[in-house]
Amino acid sequence: MSVLVVAENSNTELKSSTFNTITAASNISDEIHVVVIGSDCEGVAKQTSYFEKVKKVWHIDDPRYDNPIADVIATIIVKLSENYSHILAPASTFGKNFMPRVSALLDFSQISDVIKIESEDTFVRPIYAGNAFATVQSKDEKKIVTILSLIHISEPTRLGMISYAVFCL
């Protein structure tokens with residue numbers, strides 16, 4: 001079972017929310033692949049490959065992805081999704097923009113704002129404006145998940161330490 005993480009980036013740097021999402025993915029599987037979509041974003045793809053938990057990086061680089069729109073990203077993710085049991089993205093405006101489209105195109109439910117992964121099919125997310133937590137279990141063949149950042153820590157990478165947000169309580 002492989003997990004696909006969609007990297008949030010600015011074409012020059014990887015956003016910390018992506019590190020958080022990779023950490024969350026590591027609680028599902030050791031086989032983590034990341035897709036970097038952008039324009040002139042080779043440095044971002046290289047930076048992503050330095051993260052120890054990442055086994056493969058998909059690098060999709062084209063000038064039309066300089067400011068990618070949700071429909072374009074969703075189409076790319078759907079084309080890549082066949083070999084993945086889970087598709088994860090940050091629960092930022094980036095992920096919240098295209099993940100519902102991915103979910104609809106693949107005809108699977110989306111699990112939003114996850115803060116803890118209990119198992120490959122069980123997730124914890126806040127409800128009632130964060131005043132309570134719901135444990136959600138999905139029987140879908142593919143899990144479409146957005147990961148919410150809560151706190152920051154540092155993690156060793158192949159090139160040194162990197163700081164990012166952690167998704168769990």
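**Exercise 1. Is Asp113 buried or exposed?**

Solution. Start with the cut-offs: a residue is buried under 20% relative accessible area, exposed over 50%, and partly exposed in between (1.4 Å probe, protein chains only). Asp113 has a relative accessible area of 16%, so Asp113 is buried. Finally, check the backbone: Asp113 is not a glycine, yet its phi is positive, near 55 degrees. For comparison, most residues other than glycine have a negative phi.

Before going on, a word about the model: it is predicted, so local features need pLDDT of at least 70 and side-chain atom pairs count only at pLDDT 80 or more, while totals for chains, interfaces and linings use all residues. Residues are numbered from 1 along each chain as its sequence is written, and side-chain values use heavy atoms, with hydrogens and water left out.

**Exercise 2. Find where the confidence is lowest and highest in the protein chain.**

Solution. Begin with the whole chain: its mean pLDDT is 89, and 88% of its residues reach 70 or more. Then go to the elements: strand β10 (residues 151–157) has the lowest confidence, with a mean of 48, and strand β1 (residues 3–6) has the highest, at 98. Also mark residues 163–169, where the pLDDT is below 50; beyond near neighbours in sequence, this stretch has 39 contacts in the model. Here, contact means heavy atoms within 4.5 Å.

**Exercise 3. Describe the largest nonpolar core.**

Solution. A nonpolar core is a set of buried Ala, Val, Leu, Ile, Met, Phe, Trp, Tyr and Cys residues joined through side-chain atoms within 4.5 Å. Step one is the membership: the largest core has 24 residues, and Val5, Val34 and Leu88 touch the most other members. Step two is the origin of these residues: β1, α1 (16–25), β2, α2 (42–49), β5 (110–114) and β9 (143–147) each supply at least two. With four residues, α1 gives the most to this core. Step three is a close look at Val5: leaving out residues up to four places away in sequence, Val5 touches Thr21, Ile22, Ala25, Ile32, His33, Val34, Val35 and Leu88. Another core, of 21 residues, lies apart from the largest one and includes Ile76, Tyr84, Ile87 and Phe108.

**Exercise 4. Work out the surroundings of Tyr65.**

Solution. First, locate Tyr65: it lies in the loop between β3 (54–61) and α3. At 9% relative accessibility, Tyr65 is buried. Now list its partners: not counting residues up to four places away in sequence, Tyr65 touches Asn11, Ile37, Gly38, Ser39, Ile60, Val72 and Ile76. Take Ile37 from this list: Tyr65 and Ile37 are 28 residues apart in sequence, with 6.8 Å from C-alpha to C-alpha. Then take Asn11, which is in the loop between β1 and α1. Asn11 counts as buried, at 10% relative accessibility. Although Asn11 is not a glycine, its phi is positive, about 75 degrees.

**Exercise 5. Summarise the protein chain.**

Solution. Count the elements: the chain has four helices and 11 strands. Of its 169 residues, 50% are buried. Lastly, look at contacts between residues at least 6 apart in sequence: 61% of them join residues at least 24 apart.

How values were computed:
pLDDT = per-residue confidence, 0-100.
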